[in-house]
Amino acid sequence: MSSPIPERGVAREAIFEALARYTAHDLPWHDGRVFGYVYLAGAEAEALGRDAFAKHLELNALDPTVFPSLLRMENEILGIAAEHLHAPEGAVGLFTSGGTESVMLAVKAARDWARRHRPEIARPKMVLPETAHACFHKAAHYLGVETVVTPADPETFEADVGAMRAAIDEETILLVGSAVAYAHGVADPIEAIGALAEEKGLLFHVDGCIGAFVLGVMEKNGETVPPFDFRVPGVTSISMDLHKYGFCPKGSSVVLFRDKAVRRHALYACSSWTGYTVINTTVQSTRSGGPIAATWAVLQYLGEAGYGELVARMRETTKKLAAGVEAIDGLRLMAAPQTTLFSFTADDFSVFVLADLMKARGWYIQPQLGYGGHRENLHVSVNPANCGWEDDFLEKLKECVAEAKKRPGVGVRPLVQKVVDTLDDGEIDGASLEQVLSLAGMGGGEVDLPEETALINEILNVLPRPLSEKLLVEYFNELFVPKRTPAFAPGEAPPRESHLGSSRRGGPANGPHTHGPHTNGHSAGRPRANGQRASRPRTNGHPRPPGGFVRRAARRLSEGLEALEKTPLGFLARRL
């Protein structure tokens with residue numbers, strides 16, 4: 001078998017032609033008919049973000065002493081976020097890769113804060129409504145925190161604060177609320193949860209990943225918004241994605257803390273190994289400078305006025321779409337939209353079938369399974385690219401509803417129950433997965449992506465939730481497998497003809513190291529700016545004999561230690 005990596009490099013043009021073929025079956029996310037996953041402010045902002053991302057792609061935020069530019073940009077981004085969320089003086093934050101990482105750091109901070117201040121807790125718990133994002137469950141799973149899930153109001157989808165109060169016990173460390181919750185676009189009663197957190201002496205995290213940025217802009221635009229940010233007493237941390245309604249490239253989120261006393265528990269340091277000292281502000285160690293620079297650039301480019309205009313347009317589109325959906329016979333809104341999100345459902349036909357019919361007409365709406373007392377539904381996240389498409393969307397939706405009503409019910413429940421009855425202690429193995437996939441018309445060979453998802457969603461919807469999760473794990477365990485065949489057939493693509501060239505910008509790959517440690521940043525023999533000549537490079541591979549160098553090094557070490565004593569680090573050393 002030939003190696004999957006080409007023996008010789010492939011020409012640039014052939015590579016991009018192949019990439020275009022690969023993405024040909026992706027959703028057409030640029031044309032404004034995708035509700036979710038992609039948030040676009042327009043071609044100019046997108047191009048600006050891409051350019052800033054690419055120019056800082058190789059920079060590494062792991063060590064701010066090497067790339068102080070990234071530290072400056074990150075702190076300025078956090079300053080913008082702090083002002084947006086009305087954080088008090090002394091508030092701090094972290095720049096992360098997305099909402100999930102932001103939430104994980106908030107949960108880690110709460111867990112480690114409890115270890116320090118409440119060491120008697122053996123099994124820390126967080127109380128959260130059933131509408132809270134799945135990333136809280138993921139964080140709990142990774143960090144050994146137990147989730148105590150409370151019901152939401154079946155009509156408003158707001159967190160039931162009374163139920164949260166009843167769920168608190170001596171091991172509770174964290175309360176969670178959303179502004180807004182992703183599924184239905186509804187904000188929890190943040191003021192009431194904050195008061196409860198203060199009463200019980202608990203940390204309280206507000207998940208504003210999808211809603212906080214929009215809510216802040218809506219308020220500046222003169223709209224009335226529910227209290228949600230640091231102005232609410234009791235709120236100790238807030239997460240807010242900037243790659244959603246901040247319209248920054250992917251990999252951009254922040255988590256803010258009311259003070260450093262809590263934030264320090266989100267950080268991680270390790271010097272107990274043989275390599276370099278590690279101090280991480282996020283789950284990641286190596287972090288590309290691309291997302292940081294791109295986020296900084298887009299925030300500067302759009303500005304307050306730009307965001308105000310974009311949010312106003314999205315709000316008008318959201319209202320028009322929600323009213324249009326409500327007017328279609330057979331559909332009903334789950335809740336009135338509070339920002340730019342809403343969801344809707346149907347009682348007499350399958351919303352999963354409706355989603356497939358809309359996709360066949362070029363529209364993507366996100367299916368959501370039913371849970372607890374909440375019916376399965378379709379989710380809409382409006383972004384500026386959707387503005388102007390309202391009439392076409394509603395026209396196609398009305399057509400698809402009429403067609404969906406004619407479709408017979410899927411009726412998978414009896415069939416699924418037969419499969420469930422055959423499982424050994426609820427465990428799904430390869431054979432069980434094959435049975436369930438066969439029900440969905442996906443069995444009988446290599447696992448692949450389905451063209452239509454209605455049937456598999458119907459199956460997932462009726463399975464007990466632990467089983468549906470196991471099924472999804474098995475399915476993805478089969479889906480993501482190494483492909484060991486070459487991307488290009490022999491002779492299909494022309495080889496790369498050019499030499500690789502310089503390993504650094506502006507010089508030959510194997511030429512003299514004009515920025516190496518031996519020439520102090522100057523070419524050998526070339527006059528410096530002050531008229532002196534640079535030291536000659538060593539050619540024999542041996543160090544120069546000690547002498548003046550040792551004396552200078554000793555003097556600098558002494559001066560450095562004296563200066564260190566005056567720094568916070570020196571103060572800390574004396575305290576230890």
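How close do the axes of helix α4 and helix α5 come, and at roughly what angle do they cross? Before I answer, a word on what we are looking at: this is a predicted model, in which local features need pLDDT of at least 70 and side-chain atom pairs count only at pLDDT 80 or more, while totals for chains, interfaces and linings use all residues. Residues are numbered from 1 along each chain as its sequence is written, and side-chain values use heavy atoms, with hydrogens and water left out.

Of the 576 residues in the protein chain, 45% are buried; buried means under 20% relative accessible area, exposed means over 50%, and partly exposed is in between, with a 1.4 Å probe and protein chains only. Among contacts in the protein chain with a separation of 6 or more, 70% are between residues 24 or more positions apart, a contact being heavy atoms within 4.5 Å.

Now to the helix pairs. Two packed helices are described by the angle between their axes and the distance between the axes. For helix α4 (residues 99-117) and helix α5 (residues 134-143), the axes come within 9 Å and cross at roughly 50°; the axes are lines fitted to C-alpha atoms, for helices over the stretch in contact, and the angles run from 0 to 180 degrees between N-to-C directions. α4 is therefore oblique to α5, given that angles under 35 degrees count as roughly parallel, over 145 as roughly antiparallel, 65 to 115 as roughly perpendicular and the rest as oblique. The crossing of α4 with α5 is right-handed, a term used if the near helix is turned clockwise from the far one by less than a right angle, with anticlockwise giving left-handed.

On the α4 side the contact is made by Thr-100, Val-103, Met-104, Val-107, Lys-108 and Arg-111, and on the α5 side by Cys-135, Phe-136, Lys-138, Ala-139, Tyr-142 and Leu-143. Sorted by class, that contact has eight nonpolar, one polar and three charged residues, where Ala, Val, Leu, Ile, Met, Phe, Trp, Tyr, Cys and Pro count as nonpolar, Asp, Glu, Lys and Arg as charged, and the others, Gly among them, as polar.

A second pair is α11 with helix α15 (residues 454-462), whose axes are 8 Å apart and which pack at an angle of about 155°, so that α11 is roughly antiparallel to α15. This crossing of α11 and α15 is right-handed. Here Phe-352, Val-353 and Asp-356 of α11 meet Ala-454, Asn-457, Glu-458 and Asn-461 of α15, and by class the contact has three nonpolar, two polar and two charged residues.

Turning to the aromatic rings, the structure holds 13 aromatic pairs; rings of Phe, Tyr and Trp (its six-membered ring) pair if their centres lie within 6.5 Å, and planes under 30 degrees apart count as stacked, over 60 as edge-to-face and the rest as tilted. In one of them, Tyr-37 and Tyr-364 have ring centres 5.8 Å apart and planes at 35°, so the pair is tilted. That pair links distant parts of the chain, 327 residues apart, with Tyr-37 in the loop between α1 (12-22) and α2 (43-55) and Tyr-364 in the loop between α11 (351-360) and β12 (366-368). Tyr-37 is partly exposed at 49% relative accessibility, whereas Tyr-364 is buried at 13%.

Trp-363 and Phe-393 form an edge-to-face pair, 5.1 Å centre to centre with 70° between the planes. Trp-363 lies in the loop between α11 and β12 and Phe-393 in helix α12 (residues 390-406), so this pair ties together parts 30 residues apart in sequence. Trp-363 is buried, with a relative accessible area of 1%, and Phe-393 is buried at 1% relative accessibility. Elsewhere, ring pairs link Tyr-39, Phe-213, Tyr-245, Phe-247 and Tyr-307 into a cluster.

Finally, some backbone points. Most residues other than glycine have a negative phi, and most peptide bonds are trans. Tyr-37, although not a glycine, has a positive phi of about 75°. His-86 has a positive phi near 55°; His-86 sits in the loop between α3 (68-84) and β1 (92-96). The peptide bond from Ala-179 to Val-180 is cis, with omega near 5°, and Val-180 lies in the loop between β4 (172-178) and α7 (190-200).

Conventions
Helix = DSSP H or I, 4+ residues; strand = E, 2+ residues; numbered from the N terminus.
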